[in-house]
Amino acid sequence: MDFSDKAGNNNIPLSDEVLEVLESQFNKVKTLHSTDLEIIAAELGVRDSDVKMWYTNRLAAWRRSQGLSDCFGQL
């Protein structure tokens, strides 16, 4: 399932290769510690703010697909 448009991720300037890595990581772990986000960003050579935004958008899209609120902890 492609969530890139639904999550608004097309506004974040990331290559297809980076998006594949992020999607793979997201499928393993839905939420990451800020240190993990920084490590992933450094390994991919992108800004950690872009990785954080991508993860935030992707998690919101996943939560919507599961029938949950976009924001964790809210009904």
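**Exercise 1.** Which residues of helix H2 (residues 34–44) are buried, and which elements cover them?

*Solution.* Step 1. In this predicted model, the buried residues of H2 are Leu37, Ile40 and Ala41. Buried means under 20% relative accessible area, exposed over 50%, and partly exposed in between, with a 1.4 Å probe and protein chains only. Helices are DSSP runs (H or I, at least four residues), numbered from the N terminus.

Step 2. Viewed down the axis of H2, these residues fall within an arc of 100 degrees, so they line one face of the helix. The arc is that of the directions from the helix axis to the C-beta atoms.

Step 3. The face turned away from the buried side carries the exposed residues Ala42 and Glu43.

Step 4. The cover over the buried residues includes helix H1 (16–28) and helix H3 (48–65); contact means heavy atoms within 4.5 Å.

**Exercise 2.** Describe how H1 and H3 pack.

*Solution.* Step 1. The axes of H1 and H3 lie 11 Å apart, at an angle of about 55 degrees. Axes are lines fitted to C-alpha atoms over the stretch in contact, and angles run from 0 to 180 degrees between N-to-C directions.

Step 2. H1 and H3 are therefore oblique to each other: angles under 35 degrees count as roughly parallel, over 145 as roughly antiparallel, 65 to 115 as roughly perpendicular and the rest as oblique.

Step 3. In H1, Leu19, Leu22, Glu23, Gln25, Phe26 and Asn27 meet Val51, Trp54, Tyr55, Arg58, Leu59 and Trp62 of H3.

**Conventions.** Residues are numbered from 1 along each chain as its sequence is written, and side-chain values use heavy atoms, leaving out hydrogens and water. Local features need pLDDT of at least 70, side-chain atom pairs count only at pLDDT 80 or more, and totals for chains, interfaces and linings use all residues.

Definitions and conventions:
Helix = DSSP H or I, 4+ residues; strand = E, 2+ residues; numbered from the N terminus.
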